[in-house]
Structures are given as C-alpha cells and as structure tokens.
Amino acid sequence: MRTRFFSLLYLYAALTCTIAFAAKPTPAPKTSASATPAPTVSKPSKPVVDQTAQTIIYCYHRLVDKVRYPGTEITPAVFEAQMKELKDRGITVIGMQDLLAWKRGEKNIPPRCAVITFDDGWKSQYEVAWPIMKKFGYTFTMFIYTEGVAGASLGGGQAITWEMLANMRDNGIDIEAHSATHQDLREGHTIMVAEPGGKRTKKKLTGPEYEQWIQNEVVGCKTLLEQRLGIKVNCFAVPFGSYNEHVKEIARNAGYEAMFTVYGQPIGWTSPMDALGRYAIEANKPKVFEDAVKMIATSSGGPGAPAVAAVGAENLQVEPADGSTVRSALPLIKANLSQIGQIDPASVQLRISGLGLVPASFDPKTGTVSYQVTQKLREKNCTVILSAKSGDKKVETHWTFGIDEAGAAPAVTPAATPKK
C-alpha cells in the first residue's frame with residue numbers, strides 16, 4: 001500500500017515537471033552583430049522652392065459700362081483686355097493660397113505670375129468679372145467688408161449678397177476680409193459711427209472706445225465671414241492701405257497670415273507678410289497695369305538671378321520716416337544705404353506711388369539716395385520703394401508716409417459710402 005502511494009506521488013511529480021518544462025517559452029535566437037536593422041520610415045520633407053520667383057498682385061473694384069468714379073471703376077472691356085494680356089505675355093495667374101504656400105516654403109509657383117483680387121464686394125464682381133475670369137481659367141480672391149454686403153448697414157442695390165459669395169466659395173473662389181465698415185483703422189482718425197437708431201455721425205475714437213471698435217473691424221469681420229460661409233479667413237486687405245503697428249498686432253493675434261496694401265510692388269520671397277503691396281487698377285491711371293507687367297517681366301526672378309534681401313526702412317534713416325505725416329506734397333525723399341555695403345550706383349532705383357520710377361541721385365561717398373519731388377503728390381498716403389545691388393545681392397526696402405498740407409490732424413481718407 002505504501003509502495004503504491006509513493007509510486008503515485010513520484011508519477012505526479014514527474015508529470016508536473018514535464019508540463020512546466022513544456023510551458024516554458026523557447027528563448028528567441030540571439031541577433032548577430034551584423035544583422036540589418038529594420039528600415040525606418042522618414043517623414044516627407046518640404047519641397048525646395050524657387051526663392052527667386054516673383055509675383056504681382058492686382059486690385060480691382062467695380063466693373064461698369066460707363067465710368068463715373070474713375071478711382072474705383074473700369075469697364076468690362078478694359079478688364080478683359082488686361083486678363084488677355086497676362087496670358088499673351090506668359091504671366092501665369094495663380095491663387096492667393098498658392099502664393100502663401102510658396103511663402104511658407106511648401107510649394108513652388110511659376111517664376112513670373114500674378115494674383116487677381118477684388119475689393120469691397122460689388123455685384124458686378126459676381127455678374128461681370130467672374131464670367132470673364134472663367135473664360136481664361138483664372139481664379140481670384142474676394143476681399144469683403146462685411147457691412148457692405150447686401151442687407152447690412154452699408155449694403156445697397158449694387159452690393160454682393162451672401163448667396164453669391166456662397167456660390168463663389170463652392171466654386172473654389174478665395175474669400176477674405178476687408179474690415180467691417182471700410183474706414184481708416186488708425187486711432188484718432190475721424191470715422192463714421194452708427195449711433196442708436198441708425199444715425200451715422202463723424203467721430204474720433206480713442207482709448208477703450210477705439211479698442212472696442214478696432215476689434216470689430218479687424219477681428220469681428222473675420223469671425224462673421226467664417227461663420228456665415230464656413231470658411232477659414234487668413235488674409236486681410238487694409239482699407240486705403242492706412243494702418244500702423246497696433247493694427248498689425250491685432251491682425252496677427254486674430255490669426256491673419258498676410259496683410260495687403262494698395263501700394264503696388266513685385267512680391268518676392270523676402271517680402272514682409274504684413275505689407276504685401278497690390279497694384280490698384282483705376283480708369284484714371286491706365287499706366288498702372290502696364291507698369292506692373294513690365295516690372296514682373298524685367299524682374300530678377302528666374303534661375304540664376306540674384307536673391308532679394310528685404311531691408312527695414314528703420315535701418316536706412318529714411319526721410320520722411322516710415323509712418324510719419326508731412327505737411328508738403330513736394331517732400332524731399334532720402335535714404336542712407338551706407339550700412340548695406342558697396343552699392344552699384346547704376347543699380348539704384350527709387351519708385352514713388354503715383355509717380356513711378358524717378359531720377360533719384362546717389363552719392364557713393366555717403367551712400368545717400370535722394371529725390372526732391374517736383375510733381376505734387378495727389379494721394380494722402382505715399383509709398384516709396386528703393387532697390388539697389390550690393391555685390392551679387394539685390395536689396396530692397398519700402399516705406400509709407402502720410403501727406404497733410406493743412407498741417408492739422410493726420411489726413412483722413414473718406415469712409416465707405418453705402419452701395420447704391
């Protein structure tokens with residue numbers, strides 16, 4: 001009996017050890033030092049973009065058969081002829097978002113190209129301009145001031161509707177912001193303010209009252225466009241091109257990627273994103289379109305061309321100073337290039353908005369560029385573009401100043417009127 005018990009005990013112990021041994025996992029074979037490691041998946045890198053490419057941006061307003069306001073109107077025939085000329089000259093029309101993607105280093109654009117924009121939001125942009133753009137296969141950007149849309153406080157019978165804007169959106173048209181009421185955005189300037197009851201009065205806003213107003217102009221219009229159309233707005237066209245560092249800061253904080261003026265200049269890789277100049281096309285200034293075409297046609301863009309370095313106006317001791325206001329429409333314009341390095345005197349070019357290329361003088365000893373304006377400047381704001389070559393590098397700067405011959409408060413650009 002005892003023998004059978006010990007036999008069973010021995011059999012149980014042996015069986016348990018066998019099961020335990022069988023359950024023990026087999027160790028993985030050791031990897032030899034010469035084994036090839038598993039391949040790693042690399043993230044796609046950004047494309048190498050052509051930093052010598054350049055573009056021009058055009059700004060249009062109303063298209064009408066009979067021009068009554070030449071500062072903001074042209075005929076459909078002139079507009080179509082200009083669009084045809086771009087195609088005939090081999091200048092590719094690209095979308096605004098393509099331009100911004102290039103500026104971010106995400107994609108290439110053609111060496112010579114153009115962006116077409118329309119300001120304010122007029123019905124003729126939908127009914128007349130859009131069919132012409134379709135004919136050429138062009139896309140474009142609409143800069144809308146929200147109180148000017150049909151049904152709002154400044155929107156009349158010639159204003160674009162939200163339904164029109166939605167149709168354009170659905171067909172790939174870029175829609176961006178142009179403020180709420182289309183007025184001078186700088187603090188202390190006279191603007192039209194809507195009072196209770198719908199009455200509009202002129203007023204100068206300062207302090208907290210101004211801050212509340214400017215938030216609606218810059219941020220509120222963006223929010224409304226995004227909510228009404230279900231879009232992302234990342235561009236802001238400044239009314240009249242009149243703004244300052246405070247307005248820029250508010251726009252940046254609101255999420256705008258780019259800001260646009262009406263002081264035309266070729267846009268390059270180093271052009272500042274908060275001051276992208278557009279050529280405003282007006283019936284009373286027919287040379288503006290052609291001058292822009294010539295500038296892009298003879299620009300430094302293209303393989304092997306010298307890179308363009310943007311230089312801040314504050315580094316060149318410019319006169320009149322950037323953002324200042326002068327009391328003469330015949331100012332002396334100066335800049336000092338001595339900090340740039342050895343300048344090629346033949347390469348110095350000075351351009352003034354409203355005048356174009358002017359015969360500026362350059363003193364190689366002091367590095368000073370100067371030009372005494374002899375033809376009275378008509379606009380309330382003037383932009384200067386100065387470029388030159390230093391070795392194999394092209395340098396460029398631009399600055400803007402105001403003109404107030406009365407010598408009173410800074411000049412005021414009239415507020416937008418309701419669309420009739």
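User: Let's start at the end of helix 3. Which residue follows helix 3, and what is its phi like?

Analyst: That's Gly105, and its phi is positive, near 80 degrees. Keep in mind that we're looking at a predicted model.

User: And helix 3 itself, how many of its residues are buried?

Analyst: Burial is read from relative accessible area, with under 20% counting as buried. Helix 3 covers residues 96-103, and six of its eight residues are buried, so it is mostly covered. The buried ones are Met96, Leu99, Leu100, Ala101, Trp102 and Lys103.

User: What do those buried residues pack against?

Analyst: A set of strands: strand 1 (54-60), strand 5 (112-120), strand 6 (141-144), strand 7 (174-177), strand 10 (235-237) and strand 11 (258-260).

User: Next, helix pairs. Are helix 2 and helix 4 roughly parallel or roughly antiparallel?

Analyst: You read that from the angle between their axes, where anything under 35 degrees counts as roughly parallel. Helix 2 (residues 76-88) and helix 4 (residues 123-136) pack at about 25 degrees, with axes 10 Å apart. They are therefore roughly parallel to each other. The crossing of helix 2 past helix 4 is right-handed.

User: Which residues meet there?

Analyst: Helix 2 brings Pro76, Phe79, Glu80, Met83, Lys84 and Lys87, while helix 4 brings Val128, Ala129, Ile132, Met133, Lys135 and Phe136. Sorted by class, this contact has eight nonpolar, no polar and four charged residues. A handy general idea for reading such lists: an α-helix has 3.6 residues a turn, so residues three or four places apart point the same way.

User: How do helix 4 and helix 5 pack?

Analyst: Helix 5 is residues 162-170, and the angle with helix 4 is about 40 degrees, with the axes 9 Å apart. That makes helix 4 oblique to helix 5. Their crossing is left-handed. On the helix 4 side you'll find Lys123, Gln125, Tyr126, Glu127 and Trp130, and on the helix 5 side Met164, Asn167 and Met168. The class tally for this contact is four nonpolar, two polar and two charged residues.

User: On to charges. How many salt bridges does the structure hold?

Analyst: The general idea is that side chains of opposite charge can pair when their charged atoms come close. This structure holds 19 salt bridges.

User: Which residue forms a salt bridge with Asp119, and are the two buried or exposed?

Analyst: The partner is Arg278, at 2.8 Å from N to O. This pair links distant parts of the chain: Arg278 is in the loop between strand 11 and strand 12 (279-280), Asp119 is in strand 5, and they are 159 residues apart. Arg278 counts as buried at 0% relative accessibility, and Asp119 counts as buried at 2%.

User: What about Asp170 and Arg169?

Analyst: Their side chains meet in a salt bridge too, at 2.9 Å from N to O. Here Asp170 is exposed, with a relative accessible area of 55%, and Arg169 is partly exposed at 29%. Arg89 is partly exposed at 35%.

User: Which residues are linked in a network of salt bridges?

Analyst: Look for Glu245, Lys248, Arg252 and Asp274. Glu245 sits in helix 7 (residues 245-254) and is exposed, with a relative accessible area of 52%.

Note on methods
Residues numbered from 1 in each chain as written. Predicted model: local features only at pLDDT ≥ 70, side-chain atom pairs only at ≥ 80, totals over all residues. Heavy atoms only, no water. Axes fitted to C-alpha atoms, helices over the stretch in contact; angles between N-to-C directions. Helix = DSSP H or I, 4+ residues; strand = E, 2+ residues; numbered from the N terminus. Parallel < 35°, antiparallel > 145°, perpendicular 65-115°, else oblique. Left-handed = near helix turned anticlockwise from the far one by under 90°. Contact = heavy atoms within 4.5 Å. Nonpolar A, V, L, I, M, F, W, Y, C, P; charged D, E, K, R; others polar. Buried < 20%, exposed > 50% of the residue type's maximum accessible area, 1.4 Å probe, protein only. Salt bridge = Lys/Arg side-chain N within 4 Å of Asp/Glu carboxyl O.
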